[in-house]
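Subject: Structure for you to look through

Hello,

I am handing over the structure we talked about, and I would be glad if you opened it before reading on. My notes on what was found follow below it.

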Amino acid sequence: MTQPALHSTPAGRAVLVEQIRAVALALRLPAIAAAVLLGVATLLVIGERVTGGGPVGFATELALIPGLVAALLPVGVWKGEDLFDAAFLWTLPVDRRRHALAKVCAGWVWLMAAVAFFILWFLGLAFFTGGNVLGDQMLRVLPSAIVPGAGPIDPAALQIVQWSPDAFLWVAPFTAATGAYLLASAIALGTRHPLRWIVGIFFGSLLASAIGSAAHIEWLTFGPARLWATLHAGPYGLDALLTARLQSLETLVPLSNGQVVGAWRGLPDVGHWAMATLLWIGVGLMSLWAAASRHRERRRPSRE
Amino acid sequence: MIRESDSEHGGAAAVTTHHLTKRYGTDTALDAVDLLVPEGAVYVLIGGNGAGKSTTLKVLMNLERPSSGTAEVFGLDTALRGPEVRAQVGYVPERHNPGYGWMTGGRLLQHIASYYPSWDDAYADHLIRGLDLRASRRVGSLSKGETRRLQLVMALAHRPPLLLLDEPTDGLDPVVRKRTLALLAEHLADTPTTVLITTHHLYEVESLADHVGVLSNGRLIAQMPRDDLQRTVRRYRIEVPDGWEAPSDLRIASERRSRTGREIQCIVVGEERAITERLTLAGARVHEVSSLALEDAALAFLPAEATR
Amino acid sequence: MLVNLDLHDARPLYLQIMDAVRRALVVGTLRAEDPLPSVRELAAELLINPRTVSQAYRELEREGVIYVRRGLGTFVAPDIHPDRHERRALARGVARRALVEARNNGLGVEELVTMIREVAAAEGGEPSPLPTPAIRDEEQ
């Protein structure tokens with residue numbers, strides 16, 4: 001008896017292209033919201049400029065935005081998909097692990113587009129308002145001998161250093177976003193209740209500190225906080241990935257003449273940034289693979 | 001288990017399972033199920049809530065892995081070759097939620113079309129019109145019946161060799177149900193298809209069925225062609241002397257006695273002639289033998305506690 | 001040709017379809033060379049598996065009652081004589097069902113026959129013999 005001719009599975013490229021289109025649809029609302037925000041920001045800036053404000057310059061907080069958006073993106077990408085139940089995605093004729101990775105990839109494509117758009121917007125705004133973000137900057141640097149927070153500082157102690165932004169700074173937003181996106185996607189894909197994990201770890205740390213403090217165990221009391229500090233602001237920490245440590249290196253410093261100015265405890269280091277980027281992206285890729293593997297097929301039945 | 005071999009449909013089976021077992025912790029959803037769906041058949045799998053019907057379909061789609069045993073679709077092992085199996089299947093899941101509520105119906109169909117090279121656009125349009133769907137509405141705003149119909153279009157439009165329909169008429173009013181069945185009948189006439197339907201209510205899809213399987217607590221207690229089912233279950237009205245008890249070797253599904261105890265109406269599984277002889281030999285006088293609706297005949301195989 | 005299926009009847013569906021065709025031939029609503037609904041049409045109308053309709057048509061074709069012309073459809077055979085053979089087959093079915101019913105109600109054959117005649121006489125005479133078959137008989 002002849003069997004019916006078997007239908008074939010779809011080609012990999014077709015799946016990826018369709019996922020890119022579908023994810024675009026899923027992200028349409030957040031994209032519109034973001035566009036509105038940028039529009040409002042543009043109006044505000046122009047308003048400031050017109051009424052006599054200064055040109056737009058670089059702010060270290062801006063460097064955080066690509067990373068933040070990237071971390072939140074998986075929420076939009078995986079909207080409507082019940083991953084740990086009979087998700088619609090799993091009913092399609094594609095290997096599940098590959099399919100999940102295709103969707104993550106589709107989200108990444110749009111993420112890169114969004115970051116590029118954001119940078120162009122910012123450059124445009126800066127240029128329009130007569131600011132200069134591409135050229136050399138004069139930065140106030142704190143000599144290493146002085147510890148910030150020890151009290152008002154003599155203005156003369158601050159060094160003024162000329163710093164030319166490195167070419168890598170332009171790549172940083174893209175790598176930052178990629179790293180954050182990989183990690184966030186791994187969490188979204190790999191855990192059934194990501195929020196529970198996040199909240200749980202946060203409160204777990206607090207609890208550990210509290211117990212340590214009550215029981216006078218030094219490493220338990222300060223351990224979690226130190227761990228987070230290293231992970232975040234250490235030389236290869238998250239901040240290095242996200243902002244090349246621009247965020248953590250700059251602080252507000254009170255001067256003895258009453259002013260409060262921004263000063264830098266050190267200058268951004270390409271070496272650190274590159275290492276941190278490689279490290280975190282590597283971790284991100286591995287976690288993503290592990291998370292996607294949770295949904296993989298091709299397993300043998302446990303018993304015959 | 002009562003099973004009839006199916007010589008008239010030839011040797012090829014679209015779906016077979018071998019001792020398929022699925023456990024969720026301590027709960028056994030499927031217990032050594034040996035399902036056999038011949039090619040081209042319309043096989044209706046019935047059973048109560050939690051009997052394991054949806055689980056069976058999920059295992060075939062590799063949405064669930066068997067705890068032990070195997071399942072095959074057109075000779076492909078479902079656990080090892082999931083994507084290829086799913087390429088042969090049009091699936092309507094139990095939930096009325098195709099996901100992607102923000103897409104319009106038309107866009108969702110376009111999305112699926114990219115996954116199935118055999119997608120027939122013209123046929124999809126024909127089905128949409130036939131089922132009275134509004135393709136421009138967002139999926140999230142559709143009613144329960146409309147999502148069900150959309151899911152049917154999604155399953156039928158790529159003309160798969162196998163249809164796995166989990167409660168396909170659930171949420172459909174009788175008029176729409178009839179139209180759906182008519183479309184399904186036309187689909188079967190145009191495309192060589194095997195259909196496996198699960199349902200609570202056999203009568204809703206009864207006319208289309210040519211095979212019936214009965215699941216109870218995860219066990220497949222009966223599986224046979226429809227004609228055999230109707231032939232081997234009968235209702236007997238018999239007159240018996242006082243204190244008469246039915247022979248223990250007879251498979252009696254239900255029994256009703258009159259107040260005097262001398263008249264009994266019982267549903268017995270077995271060939272009519274043999275059962276009549278047996279009853280007569282046991283001292284009963286057979287007054288009337290009648291056949292049952294297919295659903296009642298199928299339910300006769302359930303353990304006595306399940307039927308009243 | 002209008003077919004009504006009785007799902008509760010123990011008879012297989014394809015046999016019911018065959019009987020319906022025979023009945024139509026005897027009554028005269030179907031004649032030689034008349035077209036039959038396609039498998040697709042009939043299946044959609046009755047909400048049954050098209051294979052069941054195919055089976056019925058195949059059996060009828062084997063018995064020479066109908067024939068298939070490729071691409072054009074299914075038709076009643078040109079040389080069909082529904083009277084003797086089909087009438088007897090129909091009558092046999094009716095008689096069998098009546099006897100089963102009688103037995104279920106504890107009635108004997110003679111009782112039934114007598115009562116049939118009584119009721120027929122009282123409720124408006126014999127059903128008129130159908131003219132068409134008789135004429136065909138004569139033509140033969």
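A salt bridge, as the term is used here, is a side-chain nitrogen of Lys or Arg within 4 Å of a carboxyl oxygen of Asp or Glu. Please keep in mind throughout that this is a predicted model.

With that rule, the count between chain A and chain B comes to four salt bridges. In one of them, the side chain of Asp85(A) meets that of Arg95(B), with a distance of 3.6 Å from N to O. On the side of chain A that touches chain B, the elements giving two or more residues are helix H1 (12-26) and helix H4 (96-128) of chain A, and H1(A) provides the largest share, seven residues. The residues on that side of chain A divide into 16 nonpolar, ten polar and 15 charged.

As for the extent of this interface, 41 residues of chain A are in contact with 45 residues of chain B, and the area buried between the two chains is about 3,800 Å², of which carbon and sulfur atoms give 57%. His7(A), Glu18(A) and Phe88(A) supply 17% of the area that chain A buries against chain B, which is more than any other three residues.

Over all chains, the same rule gives 26 salt bridges. Side chains of opposite charge can pair when their charged atoms come close.

Within chain B, Asp120(B) and Arg159(B) meet through their side chains in a salt bridge (3.4 Å, N to O). This pair links distant parts of the chain, 39 residues apart, since Asp120(B) is in the loop between helix H3 (105-113) and helix H4 (121-130), while Arg159(B) is in the loop between helix H5 (144-156) and strand S9 (162-166). Asp120(B) is partly exposed, at 25% relative accessible area, and Arg159(B) counts as partly exposed at 23%.

In chain C, Arg62(C) forms a salt bridge with Glu59(C), and their closest N and O atoms are 2.7 Å apart. Both residues lie in helix H3 (residues 50-62) of chain C, three residues apart, which is about one turn of the helix. Arg62(C) counts as exposed, at 65% relative accessibility, whereas Glu59(C) is partly exposed, at 23%. Elsewhere in chain C, a network of salt bridges links Arg11(C), Asp19(C), Arg22(C) and Glu63(C).

Best wishes

How values were computed: Residues are numbered from 1 along each chain as its sequence is written. Chains are lettered from A and ligands numbered from 1 in the order in which they are written. This is a predicted model: local features need pLDDT of at least 70, side-chain atom pairs count only at pLDDT 80 or more; totals for chains, interfaces and linings use all residues. Side-chain values use heavy atoms; hydrogens and water are left out. Contact means heavy atoms within 4.5 Å. Buried area is the accessible area (1.4 Å probe) that two parts lose on being put together, summed over both. Helices (H or I, at least four residues) and strands (E, at least two) are DSSP runs, numbered from the N terminus. Ala, Val, Leu, Ile, Met, Phe, Trp, Tyr, Cys and Pro count as nonpolar, Asp, Glu, Lys and Arg as charged, and the others, Gly among them, as polar. Buried means under 20% relative accessible area, exposed over 50%, partly exposed in between (1.4 Å probe, protein chains only).
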